[in-house]
Amino acid sequence: MDVEGLEGAEALVDAARNGNRRSLARVLSAVEDGSGSLRGLLAHLGPTETDAHIIGITGSPGVGKSSFTTQLVSALRARNQRVAVLAVDPSSPFSGGAILGDRVRMQEHAMDPGVYIRSMASRGHLGGLSAATPQALRVLSAVGFDVVIVETVGVGQSEVEVAAAADTTLVLVAPGMGDGIQAVKAGIAEIGDILVVNKADRDGADTAVRDLRHAISLAEASQQDWAVPIHKVISTRGDGIDVVLQAIDSHREWLATSGERQRRRVHRAKSEIVGIVMGLARQRLDELGSGQALTQAATAVAGGASDPFTAADELLAALTSGTPGA
Ligand SMILES: Nc1nc2c(ncn2[C@@H]2O[C@H](COP(=O)(O)OP(=O)(O)O)[C@@H](O)[C@H]2O)c(=O)[nH]1
Ligand SMILES: [Mg+2]
């Protein structure tokens, strides 16, 4: 997608701010595609510090993230808050099963003008997931949502980082299959501000709580003032959602008073910038590659005339001597 000129970008962002869904969708597509018009769009978003509370929800596939999210959205809507949901699923490059399932699950919110649901299945181009997600969050905050929920599958490092860059991160586990232990092993439990044992209607919920409590006690030093709560939930019925929402409120308050909120936002901006740098470098490298520079360097290394580090240094120098962002 391309937006013609800066005026087009301004009009599009303004329309999105005024609640136009199609415009918002176009802006988010530009983010997802790493479109050339993105600069103009982001510049026009204006002040980036908004009051939207960003809630990250992560956990292994099937643990109940989308079911939980649907319930959380209902609880937030009952308080009349405007909610956006960003479902990031890098395992579905096309609009595949998982995302389709989410659509069905979230059907009850589909007609509500106070709810916006968006799936980001692709890794995008400009810096991939790590760049696209913070930019999408930036857009959704700027157009006036009170709460933005980002649902990511907690499998890869970058998904975990995306969740960790939220204001409040919830890690979901389910009883059985040692899911709690898996979460601990994968280091996912450590990033949780609130831990949720979903599917508490199943056997083993208390064991999962114990596993998680044990893990927290080991990692105690990392979270200064915040005592990570563990809550049992049955997402299919909505049981326990209110208690989790209260915990989210408490965490939000703690973030503001402790200064942690600011620290997290800087962290998020950092990964956003790094993502863009990587994306631009990749782009420039591809240009150089097609312009024979990479092939020449590779031929020299293969023939023993150069070594890969020297060749890499030369390429890096060539990258940075170009016009930034060209
Ligand atoms: N028994 C039970 N099943 C649940 C619960 N929450 C979700 N599920 C089911 O678990 C499956 C996966 O849920 P989903 O929300 O798509 O998980 P996600 O992949 O983490 O987003 C679905 O069949 C849900 O109906 C729960 O609290 N109890
Ligand atoms: Mg899901």
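Student: Are serine 66 and glutamate 151 buried or exposed?
Tutor: This is a predicted model, where local features need pLDDT of at least 70, side-chain atom pairs count only at pLDDT 80 or more, and totals for chains, interfaces and linings use all residues. Residues are numbered from 1 along each chain as its sequence is written, chains are lettered from A and ligands numbered from 1 in the order written, and side-chain values use heavy atoms, without hydrogens and water. Buried means under 20% relative accessible area, exposed over 50%, partly exposed in between (1.4 Å probe, protein chains only). Serine 66 and glutamate 151 are both buried.

Student: Which residues coordinate the magnesium ion (ligand 2)?
Tutor: Donors are N, O and S atoms within 2.8 Å of the metal (3.2 Å for Na, K and Ca); water is not among the atoms, so sites may look incomplete. At 2.2 to 2.4 Å, the ligands to magnesium are OG and OE atoms, from Ser66 and Glu151.

Student: How many residues apart are serine 66 and glutamate 151?
Tutor: Helices (H or I, at least four residues) and strands (E, at least two) are DSSP runs, numbered from the N terminus. Serine 66 sits in helix H4 (residues 65-78) and glutamate 151 in strand E4 (residues 147-153). The pair links distant parts of the chain, at a separation of 85 residues.

Student: Why does arginine 82 count as partly exposed?
Tutor: Arginine 82 lies in the loop between H4 and strand E2 (83-88). It counts as partly exposed because its relative accessibility is 28%.

Student: What separates the C-alpha atoms of arginine 82 and tyrosine 116?
Tutor: Along the chain, arginine 82 and tyrosine 116 are 34 residues apart. Their C-alpha separation is 8.4 Å.
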